[in-house]
Amino acid sequence: MLRSLRTVRKLAAPSLWTVVLVFVLSGLIASAAGTLFYRDQERVLREKELRRFTGIGDLKAAAVSEWHKERLADAAVFQTNPVFIELTRRALHDPSDSAARREILSWLESVLSDPNYDSVFILDAEGRDTGFLNGEDRCVDQVTAETIASGEITLTGPFCDPTDGHLHLTVTAPLVDPGNEGGTPLGALVMTIDPEIFLFPSLRYWESAGDTAETLIGRVEGDHVALLSPSSKRWSGKQDLSNASRAIVQAILTDTHTVTARDHRGTEVVVAIDAIEGTDWHLVSAIDDAEIAAPARDRLGLIVVLAVSFFATATGGSALAWRQQRAQTYRELYETERDRAWLHDLVERSVDEVYAIDPQSLRFTFANPAAQRTLGYSADELSTMTPLDTLVGVDEAWIRTLIAPVLDGERAKVTFESVQRSKDGMTYPVEIDLERIDTTDRVVLLATVADITQRTQAIAALRESEERFRAVIEQTDQGISVGKPDGTIVVYNDALERLSGYSREEVQTHGWFELVYPTPERRAEAVRISEEALAGKRPNVEVPIVRKGGAERWVSFVTTPVEIAGDRFNLTLMSDVSEQRESDRRLRELDAIVSRGPAVAFTWAAEEGWPIEFVSSSISQFGYDAEELIDQRALHSELMNPDDVHRLARVVDESRSRGIDQVDVEYRIRAADTAEERWVAERTWAVRSSTGEILRTQGVLIDITERKVAEEELERHRDQLEMLVAERTENLARANASLDTSNERLRSLNLQLQMAVEDLERVNIQLEHATRVKSTFLANMSHELRTPLNSIIGFSDILVQGLAGPLSEEQHTQIGMINGAGKHLLALINEILDLSKVEAGEMTVRFQEFDLAEMLTQVTEMLRPLAAEKGVDLRLHLPPATPPIRSDCDKVKQIVLNLAGNAIKFTEEGHVIISLHPAGERHVAVSVIDTGPGIPDNRIADIFTPFVQLDADSRSKPKGTGLGLAISQEYAGMLGGEIGVTSRLGEGSEFRLTLPIDPPEAAQPTT
């Protein structure tokens, strides 16, 4: 430096003016250069600060927009889920549907587990809270019926919560029932959000250099602009749109990204406006213009120093300029790193996994804390790993093929789903977004990984529900088909293929009616019946079909039209009832035999006191009610004479100890309505388990009181006989003449005694035969009738209760009809099986008002297949109008079925006519006229005698038990009516049932 000064002095020594000129010129050059440099630096630094300021605003706007899309996507999951909408429809339609409400609560609790939401509600179509979750009302009253009726998912607010004064956002997802043709929403799912969770923290955050920077949300409300400040947490600062001098209003009106103007303080400010996609919000970023210009002012002193240094020495100036350039570079690097630090902090706080990947080596160069927590690896461990180490079932070639379009710039982002494995071996489904990020020195891939376990589980649950419902259809024993009106078959289960023998392809190709109804006549009849069933005129129909191979089977079918997603289908449920019809026939044959038997069937538990598990209704002959004994599980020992209880127990124990399961014993039963005791004979059998343990006792008992009385009478006769013999012996010497007379009387008494014993033996044989018949009947009944009916009821119960998965409303209705029909049929069979009610005089008559003409129509249609099979013309004649009658519909129906069925069976050609006509002022008559062989006059009285059948000629092939007309006559008497017969041999017969229109209430059942 000293050397330089000396050189300057030497140079200046020759002329003072030269030094002054050099000084002035140097000063002018330095001043001009400094001024130009300052202006250039001011422009560059201002543009740089503006880019940094607007860039941060853009990032915030993008983050808010992405957050907004995620909230709408969350709501769309519920709006597009048919299972959730169906549960909501059921719960709103029927608040007592606890199963639907439990399922909805499970869904709503999953929403509350997400930290983005602080409350959730289900509203009805009017916007009223339905009370699924009890919680504070988070501005739900802001959701109007108009918002729900729009059908669009909306995010509105923020609104001020009256309960705590805080602001809350509201996401509204209208729920539209797909079955509603108008598309009117049935309600809405409303989720409220506390903006303090994401929105306000994102808006407040600025790096430390932004002293005057702030971010607001603005929106146009009428003729004003409303501003939401995160610091005040409420809408405020409304500015008139007519005041275009205000910076914010000017920016929004001109749709300018960045403007500079004066604010309400009179201070120059820079305002950046970013529209939030999908909302009416604008992100307003504001900063004082003075802070933008501050870096340039900071440079002013530096420029002066540069000018002085340039003025002092060019070398020093060059060096200082070089150093300043280096300082500029380092400052820009610092500012860049500062911006990166802000973005880094945003990534660090993300709940999703975020990775930076080197596209060449595929190594992770960065992993945020969420990724480290989820995977369980540290940052150092992840730095040595690649996606091949965390993703399941992928290879390097696949990954490089996937990222190639992003690296080449063909696509901005690639999104795909995969499965990720954590350090502890746990796997979970993820959705991955890959995009290219260009830095100053390299290119990296930014991967955002979101856990989609809940979404995957929801989809899997829906798929499982559909598969489970299909499995139930395929596994049921009942044939099920669903087809379109044009003949296209949608559902044809295995049970229907087993029933008909034809596959789905065969039916689709040739047609159902053409395959199972081989003749044109039967085909036309089947088509007519099916059309009536679809029109609702026939709830249940039984028809014969011809299986593949030629075998004929009787089937029962129910068919009904259903509408699914706007398309019309025909649903048909079909069951094989051939065995049931055969069982009905056998049941009618056994009816007369068993109904008049005196035996009582029973089942007792093998416990102390012998609790009654079952007893037939014939126990009523002793004054007891069978249902009451079974319901109360009464002790059989309480019905017996106490002295006989110990004797019976001893006999049973001794027999069982010797391995004898059958026991015959006699004891006394106390009658319930009187103090009389009745003697009974009992035969029991032990029911053992597979291990030999006695579970219960089954058997029958009969009343033998009369036999006991006869035995006692016989004993008395024997005593009298002995006294008589003794007396005659003592008087033998005195009365030889009377001995012959006494001996004759003795022989007479012996003969009477022998005849009484023979009568008792015949009675015992008859009772044993009745007992065997009763046992056989009960066994056949239990196996052949109850078992298939219980299966039908059980499977339909599973479907109605939703255990096989949710059902549509139409499916629920139709399966409920099947369930109700099965239970009704089981109840009828149980009533019929109570055969002893008739003999005990307890057959109940249920008087009710019904349409007799409609009932006769049903009977005619039931018998039409039988008449068609025999070639008999079956006709029904009804008057134009008939008043309803009050009687027992089931018994009237049974009488007409018996009369008309007999007429068809015994008519080989001609016709059978069923007609209804009045019979006096308060009576009606049902006539059945046939063209059969007729009945001789001297045999007409016999046809109503039980078990009596007329001799059949060569044409009268059908036979029966001979009880149909006898039972019909008894039923007619119970109903206050009568059956009359007129017949002409060789021409036909007429049976006439006369019934009162309104019988007296005092009419009681008879036997």
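This is a friendly dialogue about reading a few features of a predicted model.

Reader: Which residues of α13 are buried?

Author: In α13 the buried ones are Ile399, Leu402, Ile403, Pro405 and Val406. They cover an arc of only 145° around the axis, so they lie on the same side of α13. On the face turned away from that buried side, you will find the exposed residues Ala397 and Thr401.

Reader: And what covers the buried residues of α13?

Author: The cover includes α12 (387-390) along with the strands β13 (413-421), β14 (427-438) and β15 (443-451). While you are there, step just past the end of α13: Gly409 has a positive phi of about 85°.

Reader: You mentioned β13. Is Gln420 buried or exposed?

Author: Relative accessible area is the number to check. Gln420, which sits in strand β13, has a value of 2% and therefore counts as buried, the cut-off being under 20%.

Reader: Which side chain joins that of Gln420 in a polar contact?

Author: The partner is Glu353, and the two side chains are joined by a polar contact of 2.7 Å. Leaving aside residues up to four places away in sequence, Gln420 also touches others, including Tyr355, Leu375, Met426, Tyr428 and Val449.

Reader: Now for a pair of helices. At what angle do α27 and α28 pack?

Author: For a helix pair, read the angle, the distance between axes and the handedness together. Helix α27 (residues 889-905) packs against helix α28 (residues 964-974) at about 145°, and their axes are 9 Å apart. The crossing of α27 past α28 is left-handed. Among the residues that meet are Ile895 and Leu899 from α27, and Leu965 and Tyr971 from α28.

Reader: One last stop: where is Leu878 found?

Author: Look in the loop between β27 (873-877) and β28 (885-887). Leu878 has a relative accessible area of 36%, so this residue is partly exposed.

Reader: Which residues does Leu878 touch?

Author: Not counting residues up to four places away in sequence, Leu878 touches Ala853, Leu856, Thr857 and Leu916.

Methods
Residues numbered from 1 in each chain as written. Predicted model: local features only at pLDDT ≥ 70, side-chain atom pairs only at ≥ 80, totals over all residues. Heavy atoms only, no water. Buried < 20%, exposed > 50% of the residue type's maximum accessible area, 1.4 Å probe, protein only. Helix = DSSP H or I, 4+ residues; strand = E, 2+ residues; numbered from the N terminus. Arc of directions from axis to C-beta. Contact = heavy atoms within 4.5 Å. Polar contact = N/O pair within 3.5 Å; in protein donor to acceptor, adjacent residues only side chain to side chain. Axes fitted to C-alpha atoms, helices over the stretch in contact; angles between N-to-C directions. Left-handed = near helix turned anticlockwise from the far one by under 90°.
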